[in-house]
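Please look over the sequence and the three-dimensional structure shown here. The paragraphs after it lead from the whole chain to its parts.

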Amino acid sequence: MFLFRRAAQSDSLATLPGLETERLRIAALSARDAEALRRLTDDPAITGAVDFLPEPFTLADARGLIASGRRGSDRFNGVWERESRALVAVVGTHLRGESAIEIGYWVGGSARGRGIATEAVAGLLVLLARRFPYRSIVAECRPGNVASWGLLRKLGFEDTGEDGHRPGRRVLMKTDSARTSP
């Protein structure tokens, strides 16, 4: 029984440490981040692309999303620019069964096209691979989302040929064993 509890505790995203990259600070969103999360996410370009986000995205929605991380199977990581201290993106991490972790992300309008998502996701991939070396890392993406599809391919993900759980999405899996440096 002790071994079962110990294994279950190690498979929690709740204690995943934060990290810093060259330009970014990445850490679990907390209650004090709710208003910044609402401002970032209440954008039709984001709520229209991420199927579980309501439109409009309210302060109550932001608080609920942040609170969902307490379970340990989901965690929404804020991505702040170190220089401006502004919340510019979110990278979600989600335990899927006993063998996979799913990642997903969205980036605020002013930060798009600046490599923020690449830097943030690459940093988290290294952290997740170290913390959960026995789990595969997957993502779901619409093939028509050229920017996101390209980012995932650049970071070593390949199309599995399987449809995702969300409408119109395909499953991609990180396949290369090389470390992805932020």
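What follows begins with the overall dimensions, turns to the sheet and ends with the helices.

The structure is a predicted model. Its chain has 182 residues, for which a compact globule would have a radius of gyration near 16 Å; the chain has 16 Å, so the value agrees with that of such a globule. Taken along the principal axes, the C-alpha atoms fill a box of roughly 45 × 35 × 35 Å. The secondary structure comprises 6 helices and 8 strands. Read from the N terminus, these elements follow one another as α-β-β-α-α-α-β-β-β-α-β-α-β-β.

The strands may be considered next. An open sheet of 8 strands is present, with mixed pairing and the order β1-β2-β3-β4-β5-β6-β8-β7. Its edges are formed by β1 (19–20) and β7 (157–163); each has a single partner strand, and therefore one side of each is left without a neighbour in the sheet.

The strands β7 and β8 form a hairpin in which 6 residues lie between them, and Gly168 in the turn has a positive phi of about 75 degrees. Strand β8 also pairs with β6, in the antiparallel sense and over 4 bridges; here Val138 has Met173 in β8 as its bridge partner.

Two helices lie across strands of the sheet. Helix α5 (residues 116–131) lies across β1, β2, β3 (74–81), β4 (87–96), β5 (100–107), β6 (136–141), β7 and β8 (170–174), and runs at about 160 degrees to β5. Helix α6 (residues 146–154) lies across β5, β6, β7 and β8, at about 120 degrees to β7.

A further contact joins two helices to each other. Two packed helices are described by the angle between their axes and the distance between the axes. For helix α2 (residues 34–41) and helix α4 (residues 59–67), the axes come within 8 Å and cross at roughly 115 degrees. Because of this angle, α2 is roughly perpendicular to α4. The crossing of α2 past α4 is right-handed. In this contact, Ala34, Glu35, Leu37 and Arg38 of α2 meet Leu59, Ala62, Arg63, Leu65 and Ile66 of α4. These contact residues divide into 6 nonpolar, no polar and 3 charged.

Note on methods: Residues numbered from 1 in each chain as written. Predicted model: local features only at pLDDT ≥ 70, side-chain atom pairs only at ≥ 80, totals over all residues. Heavy atoms only, no water. Axes fitted to C-alpha atoms, helices over the stretch in contact; angles between N-to-C directions. Parallel < 35°, antiparallel > 145°, perpendicular 65-115°, else oblique. Left-handed = near helix turned anticlockwise from the far one by under 90°. Contact = heavy atoms within 4.5 Å. Nonpolar A, V, L, I, M, F, W, Y, C, P; charged D, E, K, R; others polar. Pairing = 2+ DSSP bridges. Rg over C-alpha atoms; globule rule 2.2 N^0.38 Å.
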